[in-house]
Amino acid sequence: MPHIAAFRGTLAGSTERDASRALYRYHQTFSLGGRPVTRKTLLCVVRLAPWSEGVIRPHEASVPATRAAELAGIKAARGHKGAVLAGYRDAATEVDRLFRKAEGETATYETTTADGVVHRVWRIQNAEIFGKLRPLFAPKKLHVLDGHARYEAMLAYQESLGDLAQYSTGNYGLFCLVNLEDQALVVAPRHRIIKKGMTREALFAAAKPYFIVDKLAGAAKDIDKQRAALADTVAHQPTFVVVLHGEPDAWKLTLSPDVSPASEGVVVHRALQKYDIVVLEHLLLKLTPADTTIDQLAVLDAVEKGASAGILMRPMTLEQVVHADELGQVLPASADAFPPTLADVVTFSIDPNEDVA
């Protein structure tokens, strides 16, 4: 069972830690489909546990270089500046109801970031709320949505501290918890940018054994055509769109219905073998290095400026994401994203000799 706790945090814009323990209600208001929505989360610390325990669950692999950078940042700060975004199941919204009174009051901290997202934080120091939250979370699993490398860095830092008292701050990590039922929790695709090595000839050679290839005439810079092509699937088969440097056309690749990734040597749970990201990484890209972004325009701009190819993806559903970790499986790194980006609104300092309780 996850053990969540209040902690002495430091709010953005302040140099002083809170005098006493707190939880932090965190709202992000942003535009979704042309209308403002608010993702409601809880910033707290969670007792660290290895993936193998199944209490905190991953759904995608981490990148070693990112994990190393996160660990270096934790060591330099002697604490956590950034939180791990994780989801929990609460169809009855019992957790959200505990914070409704506080949300009607003026936020303790508010800022608007360059992307137009409004961030509001309420410091919660109500012992009654603390007491009610613990039993609510006790039976739940935490599904890591974003921050896999960060969490593994937290575990590595914990191990580097040696033997710790049970409630030492070194045993906890900063988390941002969101109800999986939150309507403002959206999954965005991570598109791929291939810097070099993918020409039209290379693309067709790699795609021919597995994919139906359709030319999208004049669509290399037409986002609407690309999105329409991604939405028009054949029998729900994995699909993506490829744009090549110097080419006016784009190409839609759809996995042939008679191709089974498992039969092609892809070692993955059968329930996941036709996820777009699995098919892309194992049948088309294989070991080809790629950068990722959630910005489709950034992909087209990179290709225009010299990247050899851009691959435009469809978003996974939240159900697919959670299903992967419930099966104990991990998808390829950078499989998805959960915008907007969390702001570093609260930091968590670690002193091995200090307890959170």
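These legends describe close-up views of a predicted model of one protein chain.

**View 1. The whole protein chain.**
The protein chain is built from ten helices and 20 strands. Its radius of gyration is 22 Å, close to the 21 Å given by the globule rule for 357 residues, so the chain is as compact as a globular protein of that length. Along the principal axes, the C-alpha atoms fill a box of roughly 65 × 40 × 40 Å. Of the 357 residues, 51% are buried. Among contacts between residues at least 6 apart in sequence, 78% join residues at least 24 apart. The accessible surface amounts to about 16,400 Å², and carbon and sulfur atoms account for 50% of this area.

Histidine 119 belongs to strand 9, which spans residues 118-124. Is histidine 119 buried or exposed? Its relative accessibility is 1%, and buried means under 20%, so histidine 119 counts as buried. The side chain of histidine 119 takes part in a polar contact of 2.7 Å with the side chain of tyrosine 26. Another polar contact, of 2.9 Å, joins the side chain of histidine 119 to that of threonine 113. Leaving aside residues up to four places away in sequence, histidine 119 touches Tyr26, His27, Gln28, Tyr109, Glu110, Thr111, Thr113, Thr341, Ala343 and Val345.

**View 2. Helix 9 and what covers its buried residues.**
Helix 9 runs over residues 296-304, and its buried residues are Gln296, Val299, Leu300 and Val303. These residues cover an arc of only 95° around the axis, so they sit on the same side of helix 9. Their cover includes strand 13 (191-194), helix 7 (223-231), strand 15 (239-244), strand 17 (291-293) and strand 18 (309-312). At the start of helix 9, a side-chain oxygen of aspartate 295 comes to within 3.0 Å of the backbone nitrogen of leucine 297. Glycine 306 follows helix 9 and has a positive phi, near 130°.

**View 3. Helix 7 and its two sides.**
The buried residues in helix 7 are Ile223, Gln226, Ala229 and Leu230. Seen down the helix axis, they fall within an arc of 130°, so they line one face of helix 7. Which exposed residues does the face turned away from the buried side carry? On that face of helix 7 are Asp224 and Ala231. The buried residues of helix 7 pack against strand 14 (211-216), strand 15, strand 16 (250-255), helix 9 and strand 18. At the start of helix 7, the backbone nitrogen of aspartate 224 has a side-chain oxygen of aspartate 222 within 3.2 Å.

**View 4. The salt bridge between arginine 89 and glutamate 326.**
Side chains of opposite charge can pair when their charged atoms come close. In this view, the side chains of arginine 89 and glutamate 326 form a salt bridge, with an N to O distance of 3.1 Å. Arginine 89 lies in the loop between strand 7 (84-88) and helix 2 (94-97), whereas glutamate 326 is in helix 10 (residues 318-326), so the pair ties together parts that are 237 residues apart in sequence. Arginine 89 is partly exposed, at 44% relative accessibility. Glutamate 326 is also partly exposed, with a relative accessible area of 38%.

The side chains of lysine 132 and glutamate 128 meet in a salt bridge of 3.2 Å, N to O. The two residues are four apart in helix 4 (residues 127-137), so about one helical turn separates them. Lysine 132 is partly exposed, at a relative accessible area of 41%. Glutamate 128, with 51%, is exposed.

**View 5. The salt bridge between arginine 314 and aspartate 276.**
A salt bridge of 2.8 Å, N to O, joins the side chains of arginine 314 and aspartate 276. Arginine 314 is in the loop between strand 18 and helix 10, and aspartate 276 is in helix 8 (residues 276-285), so the pair ties together parts that are 38 residues apart in sequence. At 11% relative accessibility, aspartate 276 is counted as buried.

**View 6. A network of salt bridges.**
Arg8, Arg17 and Glu354 are linked in a network of salt bridges. Across the whole structure, a search finds 16 salt bridges.

How values were computed
Residues numbered from 1 in each chain as written. Predicted model: local features only at pLDDT ≥ 70, side-chain atom pairs only at ≥ 80, totals over all residues. Heavy atoms only, no water. Buried < 20%, exposed > 50% of the residue type's maximum accessible area, 1.4 Å probe, protein only. Polar contact = N/O pair within 3.5 Å; in protein donor to acceptor, adjacent residues only side chain to side chain. Contact = heavy atoms within 4.5 Å. Arc of directions from axis to C-beta. Rg over C-alpha atoms; globule rule 2.2 N^0.38 Å. Areas by Shrake-Rupley, 256 points an atom, 1.4 Å probe, with all protein chains shown as cover. Salt bridge = Lys/Arg side-chain N within 4 Å of Asp/Glu carboxyl O.
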